[in-house]
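Hi everyone, and thanks for coming. Let's have a look at the structure together before I talk you through a few parts of it.

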Amino acid sequence: MFSEIAAAVSRNSLWLSRLDTISGDGDHGEVISSAFIAMEHQLAALDPSSVTPARVFDMAAETFLKIDSASARLYASAFRRAGSRLPGSHVISDDDFDRAFAAMASGIIDHGQTNAPHKNMVDAWKPALKAYEAARDNGSHMADCLTAAADAALAGSEPATDSDPLPFAHPDKVMDAGCASAVLIMRSMRYALQD
């Protein structure tokens, strides 16, 4: 799953940074990509049989905490919470992942700040969690729950639309980079875990 996320954010890092130049400091793509790539390098050095999913999430939290970025700190909190909800076994169930996803989303929602009318990661993760839990309650499989979450994250991230021909001149008319990376992350989770 982390490998899939690293590939997705790396492929889209320039786009994410371009979005971030509108209302941020223009480095979101570089920050998120470098963090997930650093995580990927750590995982590549491990014997898969020696590490548990809970430990992988803890490693991700430790990796992201080393990066001086608000979004990295939010993901560090998210991954720490997710790891704390998983058993110490080498294989986890769908129910275990449900709890980890809820914990991860809650970590971002609880520590992130709403900034209306400007959207941010909270605007992606809050509806995503609600959609994931609704799909799960309806008996959907994990991949379908993640599809619902990613779709809701995208819908929650969409800026207000109008006929303005120059949307990049207005931060409120362009998707926030943190929202965009959140959608990429959820879609990557779905691709990695759909089997």
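At what angle do the axes of α4 and helix α5 cross? They cross at roughly 160° and come within 8 Å, with α5 covering residues 70–84. Before I go on, some ground rules: this is a predicted model, where local features need pLDDT of at least 70, side-chain atom pairs count only at pLDDT 80 or more, and totals for chains, interfaces and linings use all residues. Residues are numbered from 1 along each chain as its sequence is written, and side-chain values use heavy atoms, with hydrogens and water left out.

The helices are DSSP runs (H or I, at least four residues), numbered from the N terminus. Axes are lines fitted to C-alpha atoms, for helices over the stretch in contact, and angles run from 0 to 180 degrees between N-to-C directions. Angles under 35 degrees count as roughly parallel, over 145 as roughly antiparallel, 65 to 115 as roughly perpendicular, and the rest as oblique.

So α4 and α5 are roughly antiparallel to each other. Their crossing is left-handed, a term for the near helix being turned anticlockwise from the far one by less than a right angle, with clockwise giving right-handed. In the contact (heavy atoms within 4.5 Å), α4 brings residues including Phe57, Phe64 and Leu65, and α5 brings, among them, Tyr75, Phe79 and Arg80. By class, this contact has 11 nonpolar, 1 polar and 3 charged residues. Here Ala, Val, Leu, Ile, Met, Phe, Trp, Tyr, Cys and Pro count as nonpolar, Asp, Glu, Lys and Arg as charged, and the others, Gly among them, as polar.

Next, α2 (residues 13–23) and α3 (residues 28–44) pack at about 140°, with axes 6 Å apart, and are therefore oblique. Ser13, Leu16, Ser17 and Asp20 of α2 meet His28, Gly29, Glu30 and Ser33 of α3. That contact divides into 1 nonpolar, 5 polar and 2 charged residues.

What about α1 and α9? Their angle is about 140° too, with axes 8 Å apart, which makes α1 oblique to α9. This crossing is right-handed.

Finally, the second largest pocket has a volume of about 480 Å³, meaning the space filled by probe spheres set on grid points joined across faces, edges and corners. A pocket is an open set of points on a 1 Å grid over the protein atoms alone, where a 1.4 Å probe fits, with protein on both sides within 12 Å along at least five of seven lines; lining residues have an atom within 4 Å of a point. Of its 22 lining residues, Met1, Pro53, Ile92, Phe97 and Leu193 lie nearest the centre. The largest share of the lining, 3 residues, comes from α4.

Definitions and conventions:
Helices (H or I, at least four residues) and strands (E, at least two) are DSSP runs, numbered from the N terminus.
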